[in-house]
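My notes follow the order in which I looked things up.

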Amino acid sequence: MISAKNISKKFGGKQVLFSISFDVNKGEILGFLGPNAAGKTTAMRILTCFLLPNEGTATVAGFDILEQSIDVRRNIGYMPESPPIYPEMSVQSYLEFVAWIKGIKMKDIPKRIDAVMEKTSITHVRDRICGRLSKGYRQRVGLAQALIHNPPVLILDEPTSGLDPKQIIEVRELIKGLAGEHTVIVSTHILPEVKLTCERVIIINNGWIVAQGTPENLTQKIKGKERLQLEIGGPGEEVKNALRNVPGVANVQIEIHELDGCFKYIVETEVKADIKKNLARIIADNKWDLYEMRTLGMTLEEIFMRYTTGETFTEKEA
Ligand SMILES: Nc1ncnc2c1ncn2[C@@H]1O[C@H](COP(=O)(O)OP(=O)(O)OP(=O)(O)O)[C@@H](O)[C@H]1O
Ligand SMILES: [Mg+2]
């Protein structure tokens, strides 16, 4: 549904996107995750034909952003970082205006307005003046204008920023409800949000795509270190030292001190070595009791920090 190929963007002499390529399948929700100034908004503005790339191109719903920008815009609903509302208009008249601009037939406009108002829970503020709405409601009106022509593709730039916790949950649910029927790209720097709403995530940093995959894939071990959690009945420090001496173990931490002589240990390995067998043997040889041994995935926070701090590196190198 969306296919971006080698998109690069420079502002003046400063390059802010470095040959980014990605695909989004029909009905999928893709998250753009990255710190401030990563290039998320720039990538979205290119896909929505508000900016031209310096290199590369993309197709949206089968149309090329460079050659068929009118068709691309028809097929996209875009919610920019600051919703493009007219402060002096009422919600109703603003949406009528947007519907008209987007070429919806006059006779269909009331029906579409009712539908998007219901979807974004703004029916009760339809006669209010846009400029006097709270930020959360303005965001919802922004979402309503993106949905009004029922586009197959939605590009939502930080749709939950500035909302209160209840509104965040509502907007997340709304976005999740769009999956299947609509293809969605949503940007955020909130990690749990990605896990809750997106099927796939692209992590962008300094204009590079540094990782992509499902939140589950990304939270599993990526390379190198692996972490294991063990629960062992035995003398804490002695067990810890024995585990530490197993070849391939980089670090051992005692997590929780239990009262009945059973401790929890987090073992970090140096390389992707399968050390479980050797850990189990040491425990058995010492006649300690092994209650649990399992691999721990990395948290999204760890993945994010890992990919967005330090020097820039591309996905291939990761
Ligand atoms: N019109 C512009 N002119 C010059 N530089 C720009 C322009 N728009 C964006 N930039 C620069 O491009 C870089 C990427 O900005 P962008 O807005 O895409 O980041 P972002 O990932 O959306 O960040 P945020 O999370 O803060 O919204 C930044 O360094 C920004 O200053
Ligand atoms: Mg942005």
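**Contacts, sheet and cores**

I looked up I203 and found that it touches L33, G34, V210, A211, Q212, F304, Y307 and T308, leaving out residues up to four places away in sequence. Contact here is C-beta atoms, placed from the backbone, within 7 Å. The model is predicted: local features need pLDDT of at least 70, side-chain atom pairs count only at pLDDT 80 or more, and totals for chains, interfaces and linings use all residues. Residues are numbered from 1 along each chain as its sequence is written, while chains are lettered from A and ligands numbered from 1 in the order in which they are written.

Next I checked the largest nonpolar core and found 66 residues. L47, A144, I155, V184 and I203 have the most contacts inside it. A core joins buried Ala, Val, Leu, Ile, Met, Phe, Trp, Tyr and Cys through C-beta atoms within 7 Å; buried means 20 or more other C-beta atoms within 10 Å of a residue's own. Helix 5 gives the largest share of this core, six residues.

Then I traced the sheet. Six strands form an open, mixed sheet in the order 6-7-8-3-9-10. Strands are DSSP E runs of at least two residues, helices H or I runs of at least four, numbered from the N terminus. Two strands pair with at least two DSSP bridges between them. Strand 6 (76-79) and strand 10 (208-213) each have a single partner strand, so one side of each lacks a neighbour in the sheet.

I noted strand 9 (residues 200-205) too: it pairs with strand 10 in the antiparallel sense over five bridges. V201 has G213 in strand 10 as its bridge partner.

Methods: A residue is buried if 20 or more other C-beta atoms lie within 10 Å of its own, exposed if 12 or fewer, and partly exposed in between; C-beta atoms are placed from the backbone. Two residues are in contact if their C-beta atoms, placed from the backbone, lie within 7 Å.
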